[in-house]
Amino acid sequence: MDRYAVIGNPIEHSLSPDIHRAFAAETGERLRYDKLPAPADGFADLAEAFFAQGGCGLNVTLPFKGEACRWVAQAQPAAARCGAVNTIALEGGRTLGFNTDGIGLVRDLEAQAVPITGRRLLLIGAGGAVSGILDALVEADPASVRIANRTLAKAEALAERHGATVAAAPLEGLDGRFDLIINGTSVGVSDSSGDFGGAGGLIAPALAVGVQCYDLFYRRDGQTPFCCWAKRAGAAWVSDGLGMLVEQAAAAFAIWRGRAPSTRDLLRSLRSGTAQ
Ligand code: ATR
């Protein structure tokens with residue numbers, strides 16, 4: 001049976017095996033999909049061994065997306081530009097690297113009827129998560145994109161990849177009017193040093209009033225720290241990134257198997273905990 005896996009650290013709670021097994025069942029594709037936990041310095045050895053033993057494709061998650069981009073024989077232009085690979089496929093025996101996070105986000109926003117075109121976007125954070133989605137958002141033709149980050153230089157480096165539509169700003173003292181705010185910081189998720197709410201909150205709650213707010217992170221119940229903050233602040237609409245996770249997986253599945261699985265029923269069953 002064709003073998004696939006997700007490689008990362010930590011990986012115990014990854015939903016990717018559930019998602020890909022559901023896609024396989026729905027499309028009638030026969031495949032096996034496992035979790036590969038890798039030690040911090042173990043990505044290359046494990047990936048090498050996986051393909052040497054006949055593996056067909058890998059998903060790559062934190063913290064290895066950057067390393068995967070350097071490791072593959074060839075990274076697709078979009079993945080090379082953001083320096084991050086989340087999907088590896090084999091073509092003629094060579095490893096090819098893709099990044100499906102950006103398309104995953106755009107498809108989830110589309111599915112939830114949230115427009116990007118012509119809108120004023122605020123991206124919070126300038127790490128790997130934001131780097132991976134920036135190009136896909138810019139391609140959807142927003143009116144403007146502001147990248148706000150605690151470390152301004154990282155936001156500036158991302159903004160430099162694009163023209164005048166994309167500008168960098170420090171997090172502190174951030175103001176302006178936005179239509180869609182996207183959180184890509186790890187605050188409250190893997191980073192407990194910060195908080196969205198409270199007096200020392202990351203950004204002023206006034207920024208979110210009446211605004212659509214999306215978190216690149218997810219929880220099955222949707223209640224991520226950013227989503228809870230945005231709701232309290234008076235956001236018009238709030239979503240975590242579970243839909244993006246399913247959509248990026250569907251894009252990876254299509255690369256590997258040449259079939260696009262359907263996503264929205266699966267998303268509903270993941271939310272309700274009834275996915276097999
Ligand atoms: P990832 O690959 O998940 O994006 P990362 O590259 O470590 O992880 O980026 C984490 C993001 O969260 C960064 O934008 C980081 O800000 P800095 O670039 O200034 O480090 C942001 N972040 C993490 N903890 C934060 C905090 N307490 N306050 C503000 N921003 C924080």
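Author: We will go through a sheet, a hairpin and a pocket in turn. Keep in mind that this is a predicted model.

Reader: How do the strands of a sheet hold on to each other?

Author: Strands of a sheet pair through backbone hydrogen bonds, and the pairing is either parallel or antiparallel. Here, six strands form an open sheet in the order 9-8-7-10-11-12. Their pairing is parallel.

Reader: Which strands are at the edges of this sheet?

Author: Strand 9 (166-170) and strand 12 (237-239) are the edge strands. Each pairs on one side only. On average, neighbouring strands are turned by 20° against each other, direction ignored.

Reader: Show me one pair. How many bridges join strand 7 and strand 10?

Author: Four bridges. Look at Ile124: Asn183 in strand 10 stands opposite.

Reader: Which strands does helix 8 lie across?

Author: Helix 8 (residues 225-233) lies across strand 7, strand 10, strand 11 (212-215) and strand 12. Against strand 11, the helix runs at about 165°.

Reader: Now the hairpin. In which sense do strand 5 and strand 6 pair?

Author: Antiparallel, over five bridges. Strand 5 spans residues 87-91, and strand 6 spans residues 94-98. Glu91 stands opposite Arg94 in strand 6. Two residues lie between the strands of this hairpin, and Gly92 takes a positive phi near 55°.

Reader: What other strand pairs with strand 6?

Author: Strand 4 (residues 74-75) pairs with strand 6 in the parallel sense, over two bridges. There, Gln74 stands opposite Leu96.

Reader: Is strand 6 mostly covered or mostly open?

Author: Mostly covered. Four of its five residues are buried, which here means under 20% relative accessible area.

Reader: How do you find a pocket?

Author: Rolling a probe the size of a water molecule over the atoms shows where empty space is left. In this model, the second largest pocket holds about 220 Å³ of space. It is lined by 13 residues, and Ala78, Asn99, Ile103, Ala136 and Glu139 are the closest to its centre.

Reader: Which elements give two or more residues to the lining of this pocket?

Author: Helix 4 (77-82), helix 5 (101-111) and helix 6 (128-139). Helix 6 gives the largest share, six residues.

Reader: What kinds of residues make up that lining?

Author: Six are nonpolar, four polar and three charged.

Conventions: Residues are numbered from 1 along each chain as its sequence is written. This is a predicted model: local features need pLDDT of at least 70, side-chain atom pairs count only at pLDDT 80 or more; totals for chains, interfaces and linings use all residues. Side-chain values use heavy atoms; hydrogens and water are left out. Two strands pair if DSSP finds at least two bridges between them. Axes are lines fitted to C-alpha atoms, for helices over the stretch in contact, and angles run from 0 to 180 degrees between N-to-C directions. Contact means heavy atoms within 4.5 Å. On a 1 Å grid over the protein atoms alone, a cavity is a set of points where a 1.4 Å probe fits but cannot get out, and a pocket is an open set with protein on both sides within 12 Å along at least five of seven lines; lining residues have an atom within 4 Å of a point. Grid points are joined across faces, edges and corners, and a volume is the space filled by probe spheres set on the points. Ala, Val, Leu, Ile, Met, Phe, Trp, Tyr, Cys and Pro count as nonpolar, Asp, Glu, Lys and Arg as charged, and the others, Gly among them, as polar. Buried means under 20% relative accessible area, exposed over 50%, partly exposed in between (1.4 Å probe, protein chains only).
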